[in-house]
Amino acid sequence: MIKYYYILYFLNFSLFGQTIISASAFNAEDVTSPNITISAAEGLSGFSSSDATISVTFTVNESTYNFVVGDVTTSNGSLSNFSGTGSLFTATFTPTTDGATSIQVLSNTFSDGVGNANTASNTFTWTKTTEAADGLTSD
């Protein structure tokens, strides 16, 4: 763990005109787990559309160095074009078939710079529908 040190200086003046400097130190550790939120450019979690793919964004509340595409769990689809560094990552999600899909990052799959494991993300859901020849969608 990386420790952060803070030194506090106190200036005291004595009755004899002398300046007395005293210092005390304490440390604080980063023990906060990173959390991650999944969103999509095309709509909010729970939306339905006939899009062939959706653009997914993974936003972490602090920088991480080891978040990779394998940390993401998907159902009825897969991720491609995964990229990003620090606290912002993007990918393209392609459904396997029409119907319900989901994307989630489980807890303890990546960490921050001092080794704190992540908390689980929200579960992002999308229903892929079929566009009929008349331009209407059907489930």
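**Exercise 1. How many helices and how many strands are there in the protein?**

Solution. The model is predicted, so local features need pLDDT of at least 70 and side-chain atom pairs count only at pLDDT 80 or more, while totals for chains, interfaces and linings use all residues. Residues are numbered from 1 along each chain as its sequence is written, and side-chain values use heavy atoms, with hydrogens and water left out.
- Helices (H or I, at least four residues) and strands (E, at least two) are DSSP runs, numbered from the N terminus.
- The protein has zero helices and eleven strands.
- Along the sequence the pattern reads β-β-β-β-β-β-β-β-β-β-β.

**Exercise 2. Find the strands that pair with strand S9 and state the sense of each pairing.**

Solution. Two strands pair if DSSP finds at least two bridges between them.
- Strand S4 (residues 47-49) is parallel to S9, with three bridges; Ser48 stands opposite Thr127.
- Strand S8 (residues 99-105) runs antiparallel to S9, and five bridges join them. Here Ile103 lies opposite Phe124.

**Exercise 3. Sort the residues of strand S9 by face.**

Solution. In a regular strand the side chains alternate between the two faces of the sheet.
- In S9 (residues 124-128), Phe124, Trp126 and Lys128 form the covered face.
- Thr125 and Thr127 form the uncovered face.

**Exercise 4. Is Gly70 buried or exposed?**

Solution. Buried means under 20% relative accessible area, exposed over 50%, and partly exposed in between (1.4 Å probe, protein chains only).
- Gly70 sits in the loop between strand S5 (54-64) and strand S6 (72-75).
- Its relative accessibility is 64%, so Gly70 counts as exposed.
- Buried residues make up 27% of the 139 residues in the protein.
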